Amino acid sequence: MDTLSDLIKAIAFAADKHRDQRRKDVCASPYINHPIQLVNLLCNEAGVSNINVLCAAGLHDTLEDTETTATELTQYFGQQICSIVLEMSDDSNLCKTERKKEQIRHASDLSNEAKLVKLADKICNLRDVADNPPAGWDLQRRQEYFDWALAVINGLRGIHPGLESIFDETYARRPE
Ligand code: NDP
Ligand code: ZN
């Protein structure tokens, strides 16, 4: 029961923090759909039941994309969940190109918990690029996104064969 209430608390927290944000697709879908997709994928497609991983998946974009602080996450969810969310957050001092290179360089250094969330994030974003891509992305940009995601994931393999094969099935949908 505690785990269920923790997960609901994490999703409610993320919904509040992302309340004014939208995804980049043509319909400008509510941002919270994306963290919920990660939780659903991990729990119901990949059979991941680790509550810290599921809560961190729901919270994974709060530090990077909202005013949420690490202190706040620690206060509400504890140090372990905060630490996974920190691992999911790019260094805001770097430009976007450098952030993307850093994700490739540091994928192998992530904790096992953060690797699971990273796999789920890349799977969900590839599904979005295939089905509901950001407005204005031409074929080359969509292909480059697929290839960058593959480079990141190739750096962290060996952690969860089920999720890795879902990633590979999704990568096979690379736009042509
Ligand atoms: P962005 O990183 O700007 O956008 C992709 C990110 O947006 C995803 O990782 C996801 O992150 C989030 N997102 C929100 N809505 C969607 C959606 N519907 N589908 C998928 N993802 C969504 O873009 P790029 O990956 O292209 O990286 C930007 C870099 O590319 C910069 O360095 C820029 O200079 C360069 N660039 C490249 C071009 C090209 O043609 N390749 C053209 C122009 C710039 P999250 O999970 O965190 O929400
Ligand atoms: Zn994300």
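With which side chain does the side chain of H34 make a polar contact? The partner is the side chain of D61, at 3.4 Å. This is a predicted model, and the points below cover that contact, the salt bridges and a charged surface patch.

**H34**
- H34 lies in helix 2.
- With a relative accessible area of 1%, H34 is buried, because buried means under 20%.

**Salt bridges**
- The count of salt bridges comes to 10.
- One of them joins the side chains of R127 and E45, with an N to O distance of 2.9 Å. This pair links distant parts of the chain, since R127 is in helix 8 (residues 112-131) and E45 in helix 2, 82 residues apart.
- R127 is partly exposed at 26% relative accessibility, and E45 is partly exposed at 41%.
- The side chains of R19 and D16 also meet in a salt bridge, at 3.1 Å from N to O. R19 is exposed, with a relative accessible area of 53%, whereas D16 is partly exposed at 41%.

- E102 forms a salt bridge with R105, and their closest N and O atoms are 2.3 Å apart.
- Both residues lie in helix 7 (residues 96-106), 3 residues apart, or about one turn of the helix.
- E102 is partly exposed at 24% relative accessibility, and R105 is partly exposed at 47%.
- A network of salt bridges links E98, K101, E102 and R105.

**Positive patch**
- On the surface, K24, K96, K100 and R141 gather in a patch of positive charge.
- K24 sits in the loop between helix 1 (2-17) and helix 2 (33-45).
- K24 counts as exposed because its relative accessibility is 56%, and exposed means over 50%.

Technical notes: Residues numbered from 1 in each chain as written. Chains lettered and ligands numbered in written order. Predicted model: local features only at pLDDT ≥ 70, side-chain atom pairs only at ≥ 80, totals over all residues. Heavy atoms only, no water. Patch = residues over 30% accessible without salt bridge, like charges linked within 9 Å, V, L, I, M, F, W, Y side chains within 5 Å. Areas by Shrake-Rupley, 256 points an atom, 1.4 Å probe, with all protein chains shown as cover. Salt bridge = Lys/Arg side-chain N within 4 Å of Asp/Glu carboxyl O. Lys, Arg positive; Asp, Glu negative; His and termini not counted. Charge placed at Lys NZ, Arg CZ, Asp CG, Glu CD. Helix = DSSP H or I, 4+ residues; strand = E, 2+ residues; numbered from the N terminus. Buried < 20%, exposed > 50% of the residue type's maximum accessible area, 1.4 Å probe, protein only. Polar contact = N/O pair within 3.5 Å; in protein donor to acceptor, adjacent residues only side chain to side chain.
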